[in-house]
Each structure stands twice: as structure tokens, then as C-alpha cells.
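This report describes the fold and selected local features of one protein chain. Please keep the sequence and the model in view while reading.

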Amino acid sequence: MQLSDVLSKHPDKEYKQIDGFLINKKGMAGQKVDVSVGSVALNFYCKNCEDMRTFYSKPSLSCIFVNKNIVSIDCVLTCRCGTSVPAWFLVESNNDITGLAPEVRIMKKNARLSEHVTNSPRYGEYSTLLDKAELAYNEGLGAGAIVYLRKVFEKITIQSAEAMNIEYSKHPGGNPRNFKDLLIKVDKQCSIIPAEFSANGYKLFQELSNVVHGEYDENLGLNKFDSLYRLVIGILDNVNNHKEILEATAALGWDNGKTNI
């Protein structure tokens, strides 16, 4: 396994053994080395291509030593249309990173998205908030990342309520006064919470809110991010799937109010 294989995947807490790429280097702090470790490949939505594309780096990457256990990696990933995304990784080894077979993991990862590139177009207006959540997470800002997830949950619930003409009391800023009551009403009418955790929809909101209100430290927010992110994405997918199914049955001329067997 090469370093590029690790960099091309989602950051993992587990160390992975890779081929040595800094063998016999001194590892002095600030030392810069160009390394050939294969192309990094990450998937993004390219707005110029109007499709999900794999963006590739050149096989030669720029590496700067922090010490003999941590290095900083810089690269530029490019779509075949020429659209580019600069990316940065902080890579940690649990042994001497200049050895023959170091074991490494990604400590931090940051891909600088732009108006031409996003992680996914599937979530429409929520894509920007999700991108910001991932960026905050990659920067080690656990609480900040969770704030964006909470905002997504709030917005999709309010949007669903308004689409279903569900009335609710609001604070002066427009947010619901009692989110739990609103969520119960919305979920009862259009089931926005996936069946797998339908009994814990408000518990998810509580988990997100605990971070916002300072109950958790940054590290706990980081540790919970992946799970909380997946559940919020599950809600968005559930809403999208519901819309797509209704559109498909309507296109076939089916009466969704009746069951024919």
C-alpha cells in the first residue's frame, strides 16, 4: 500500500502500514521533500462538468516534516475538465516515518472547495452547510462542525413543516419555540426520520444541541461527528427518496392514496 492509498480514503483512526516514502531522510523540522507516492484520488461534484468526478493529483507530492512522526502533505487535485481543488493532509506515524514500512493515519485533512466544486449536489441548499461541517471537522473544530449539522436538521424540519402547512410558534428570529413538538408533528405527517431511528429523532437533536450549548468539548464533538453526520444525512436521504418515489408514481399515473394488489 502506498501513501496515496491512505490519502484517497476517508480519515481512519487506525494506523495503516504503507511502503516507505521518506527512507533515510533526516526528518528535520521544516525539511521539505518531494515524494513519489502515486496519485491521490478524491471524488467531488464538478459544477463545470455537472457531475460527480474523480479529481487526481500528480504522483509527486510536496512533503514537509513537522518531526520524525508527523509530516504535512500538499497537493492539487484536478478534474479532467481542468477544475482544481487544493488539498492538505497532516499525516502521523506511530513509529519513525522515515522507516521502511511506517504505519500511518491522517490526523487532519482539508480540501478547499470553491464555487465550482462541492462534495455532493444531491442535497441542494444543504450541500453548502454539509461542506462547512466537514471543513470544520477536518480543521479539528468539533463543536463548529456539529453546529452546521444542527442547522441542517432544523432547516429540513422547518422546510417540511412549511411544505405541509404545519403551523408552529416562532421566536422573533423565525426559529420554532418548541422544536420537539414541531418535529413530532412533521414526522407524523411525512416521516422525515428514517425508520431505523424513528423513535430517537429528538434524541439526535439533543445530541447536536449538547455540543452547541457547550456540554461537550471539541474532542468529543470530533469523536461523535461521523455518527451524527450519518444520521443527519439519513434524514436528507429519506426526504429525497420520498420526493423521488412520489414523482415516479405520479409519472406512472398511480393513485398514491389507494393500494391495488
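## Terms and basis

Two residues are in contact here when heavy atoms of theirs lie within 4.5 Å. The model is a predicted one, in which local features need pLDDT of at least 70 and side-chain atom pairs count only at pLDDT 80 or more, while totals for chains, interfaces and linings use all residues. Residues are numbered from 1 along each chain as its sequence is written, and side-chain values use heavy atoms, with hydrogens and water left out.

## Overall architecture

The secondary structure of the protein consists of six helices and nine strands, where helices (H or I, at least four residues) and strands (E, at least two) are DSSP runs numbered from the N terminus. The C-alpha trace spans about 70 × 45 × 35 Å along its principal axes.

Of the 261 residues in the protein, 41% are buried; buried means under 20% relative accessible area, exposed means over 50%, and partly exposed lies in between, as found with a 1.4 Å probe and protein chains only. Among the contacts with a separation of 6 or more, 59% are between residues 24 or more positions apart.

## Helices α2 and α3

Helix α2, residues 127-138, packs against helix α3, residues 142-163, at an angle of about 160 degrees, and their axes are 7 Å apart. Axes are lines fitted to C-alpha atoms, for helices over the stretch in contact, and angles run from 0 to 180 degrees between N-to-C directions. The two helices α2 and α3 are therefore roughly antiparallel to each other, given that angles under 35 degrees count as roughly parallel, over 145 as roughly antiparallel, 65 to 115 as roughly perpendicular and the rest as oblique. The crossing of α2 past α3 is left-handed, a term used if the near helix is turned anticlockwise from the far one by less than a right angle, with clockwise giving right-handed.

On the α2 side the contact is made by L129, L130, K132, A133, A136 and Y137, and on the α3 side by G144, A145, Y148, L149, K151, V152 and K155. By class, the residues of this contact of α2 with α3 are nine nonpolar, one polar and three charged; Ala, Val, Leu, Ile, Met, Phe, Trp, Tyr, Cys and Pro count as nonpolar, Asp, Glu, Lys and Arg as charged, and the others, Gly among them, as polar.

G142 also belongs to helix α3, and G142 counts as buried because its relative accessibility is 1%. Although G142 and G221 are 79 residues apart in sequence, their C-alpha atoms are 4.3 Å apart in space. Beyond its neighbours within four places in sequence, G142 is in contact with V211, E218, G221 and L222.

## Helices α5 and α6

Helix α5, residues 201-212, and helix α6, residues 218-251, pack at an angle of about 135 degrees with their axes 11 Å apart, which makes α5 oblique to α6. The crossing of α5 past α6 is left-handed. The contact involves L204, E207 and L208 of α5 together with K224, L228, L231, V232 and I235 of α6, and by class the contact of α5 with α6 has six nonpolar, no polar and two charged residues.

D237 is located in helix α6 and is buried, because its relative accessible area is 17%. The D237 side chain makes a polar contact with the side chain of Y123 at 2.7 Å; a polar contact is a pair of N or O atoms within 3.5 Å, and within protein one must be able to donate a hydrogen and the other to accept it, while residues adjacent in sequence count only if both atoms are side-chain atoms. Neighbours within four places in sequence aside, D237 is in contact with R122, Y123 and R230.

## Loop residues

T98 sits in the loop between β7 (84-93) and β8 (103-111), and T98 counts as buried because its relative accessibility is 8%. The side chain of T98 makes a polar contact with the side chain of D96 at 2.7 Å. Not counting residues up to four places away in sequence, T98 touches L22, I23, N24, K25, F65 and K68. N24, one of these, lies in the loop between β1 (16-17) and β2 (32-36), counts as exposed because its relative accessibility is 73%, and has phi near 70 degrees, a positive value in a residue other than glycine.

E50, in the loop between β3 (41-46) and β4 (51-56), has a positive phi near 55 degrees and is exposed, with a relative accessible area of 62%. R177 is placed in the loop between α3 and α4 (179-190), where the side chain of R177 reaches the backbone oxygen of K170 at 2.9 Å.
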